[in-house]
Every structure is written in structure tokens, then in C-alpha cells.
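Colleague: Please take one part of this model, the paired charges, and go through it closely. I would also like to know what lies around it.

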Amino acid sequence: MHIRQLETFIRIVDSGSFAAAAQAMHATQSTISARMRELEESLGVPLFDRSGHRAVLTPRGRALLPRARRMVGLAADIARDIGDARAASGTVRLGVAGLVAMTWLPRLMAALRERFPAVAIQLDIALTTPLVERLASGELDLAIATGPVQGARLQCLSLGYDEFVWMAPGGMRLPRRALTPAELAEWPVLGLSEASHHYPVIEQWFSAGKASYAPVVSCSNVRVLADLTMAGLGVSLLPLRSCARELESGRLRRIPTRPALPPVEFVAVYKRDALDPLVGAIAELARATSEFPLTSSRSPSRRRPAPPPSTS
């Protein structure tokens, strides 16, 4: 019995089939099947009922599963805490929200290349909802997304907060006072698409102010929204830190509102039973390289925990 066989066994269970496990582990289906035959032969019992299309555990397979998770978890702890990080290899599938991709992702990638030079990273840039769906289905190992992200099997690590505020083009004539949602709705609104994590928050903000959220243009990319706003097409909700230069130059103007929208938290999220110890290590590295402040003036104060012991 080998750890790799147990990892494969767990992956088959989590993904639902031998074919899906092969894709997730970057292996051929014959390799996955061979590992399971070897594991079953070493134990002397069948672990899967292969009479159907899906991988269904036998009673002995169900008994093995929690023990296999514990053994693989212990092996991951040893690799993380005792092994040489620079010797780590393999491929990690990383999903990243667009705002992070446009700001401090290059900084994270540079840190990854320095700390784990033999690890290949497959990037997937998307909105939070599809990223979390791909994480749950096993298509991603780790996602950097907007929070909160909830799930019994998901582990979230806060990467800090970014403040989103309403902005207008510099030349737009707006009242010099805080606007209510109903007053803001009188102007053309450029909004994030329904698939965005922000959409229900914005919709609720307008609804609470007895106004309807009806964007004249919807887009999934905040950089594009900023460009459209600067072109004079309307007002939009944009990240304050990322638009600092545009605000300073006068191309964008901040619109004070009452009430203000809550700050947006960004998180690194992965499965609690992630097989690869690199996943947790990369999440910690994302926290260390994040350009977002770990506390917000409008959120409960959070102290940065002590960093984990270095494995390099």
C-alpha cells in the first residue's frame, strides 16, 4: 500500500469516476485503474462496485475512506513541515478573480516561482461563482476569489479587504453631497454582470434604498467598467485602491453615498481535504503577497496570525 494509491482512491471518490480522477491527477485512466487494482490486491478486498457507470464504494471501501484521508493528511503535513519546499513538483490549478489578476497576481506568481521553482501553475481567470463551482467539481485546486465563500468542505483564508465605491467620469455634473440609492439610480449605471459576486450586494443596496438596480451596461470586468466610466457613459461601482491614479488625475471622481457599501473581502479557498500540501502553502503565500489590507475601517478588526514555519 502506497500513499499515491490512497490519494488516487480518494480522488476517485471525490470526483465520482475513474475518468474524472485521471483528468484531475493528469494521468491516464489506465494508470488510475492500475493503482486501484494494486491497492485492492494488497488489501485483498474490492473497494469499488464496478457494475455501474459511477465509482460506488463497497462496504470495505467506505470503511477505508476516512482512514485513507487521515493517512494522506498526515503525509501532507510531513511534506509541508519537514520537506524541502524547493524540491516540490507537480501542477497546481489556480483560479483567480479578475481584480486580483489585474493587480497583485504578478507579485504572487513571482513569489511562487522563487519558492516552488519546479511547480507548474495553470491559471484560470474568472468570476467568483464559476471559480467556486470549478473548485467543487475538482477542476481547480485553489481559488482566489471574493468572499465570503461557504461550504462544509471548504477552507477559506482571508487575503484582506478592498473598498468599492461609486465613481463617475471627472466631467460629469453631480451634486457635491452624498447620494442615496434612489438619487444615484437617476443616472445611467454601469454594472457588474449577474454572475458577479457583487451583483446581489449592489441589488440589495438599491432595494434597501427603495430603488431598482437597472444597469444600462453590464460587464464582468471592473477594468472595462472603469474605462467605460471614464468615457462618460455612466457611473459605476469600482475598487478604490485600483483606481487611485485615475482619481488623482481627475479622470474619475468618487461619488459619496449614504449608506456606503460594505468592504469586499478576498479569500483563498480550497477543499479541507486537499491532497496536495502545496495547496495550503500557496494559499499562505497568497496571503503574504496580497496588496489588500487585512483589516477594513468598516469591518471587525482582524489580527494577522503568526506565519507558519518556513519549509524552505
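**Salt bridges and their surroundings**

Modeller: Arg-223, Asp-227 and Glu-246 are linked in a network of salt bridges (a side-chain nitrogen of Lys or Arg within 4 Å of a carboxyl oxygen of Asp or Glu). This is a predicted model, in which local features need pLDDT of at least 70 and side-chain atom pairs pLDDT 80 or more, while totals for chains, interfaces and linings use all residues. Residues are numbered from 1 along each chain as its sequence is written, and side-chain values use heavy atoms, without hydrogens and water.

Helices (H or I, at least four residues) and strands (E, at least two) are DSSP runs, numbered from the N terminus. Glu-246 is buried at a relative accessible area of 9%, whereas Arg-223, at 28%, is partly exposed. Here buried means under 20% relative accessible area, exposed over 50%, and partly exposed in between (1.4 Å probe, protein chains only).

The structure holds nine salt bridges. In general, side chains of opposite charge can pair when their charged atoms come close. Arg-93 sits in strand 3 and Asp-141 in the loop between helix 7 (128-137) and strand 5, so the bridge connects parts 48 residues apart in sequence. Both residues, Arg-93 and Asp-141, are buried.

Another salt bridge pairs Arg-254 with Glu-163, with 3.3 Å between the closest N and O atoms. Arg-254 is in strand 11 (residues 252-255), and Glu-163 is in the loop between strand 6 (154-162) and strand 7 (164-169), so this pair links parts 91 residues apart in sequence. Arg-254 counts as partly exposed at 40% relative accessibility, and Glu-163 likewise counts as partly exposed at 22%.

Now the setting of the Arg-93 pair. Strand 3 (residues 90-96) runs parallel to strand 5, with three bridges between them; two strands pair if DSSP finds at least two bridges. In this pairing Leu-94 stands opposite Leu-142 of strand 5. Strand 5 also pairs with strand 12 (residues 264-271), here antiparallel and over four bridges, where Ala-143 faces Val-269. Strand 5 (residues 142-146) is mostly covered, as five of its five residues are buried.

Leu-94 is also one of the residues touched by Leu-108, along with Ile-144, Leu-285, Ala-286 and Thr-289, leaving aside residues up to four places away in sequence; contact means heavy atoms within 4.5 Å. Leu-108, Trp-166 and Phe-206 have the most contacts inside the largest nonpolar core, a set of 59 residues. Such a core consists of buried Ala, Val, Leu, Ile, Met, Phe, Trp, Tyr and Cys residues joined through side-chain atoms within 4.5 Å. Helix 12 (residues 277-289) gives this core seven residues, the most from any element. A second, separate core has 20 residues, including Leu-6, Phe-9, Val-45 and Ala-55.

For the protein overall, 46% of the 312 residues count as buried. Its secondary structure comes to 12 helices and 12 strands.
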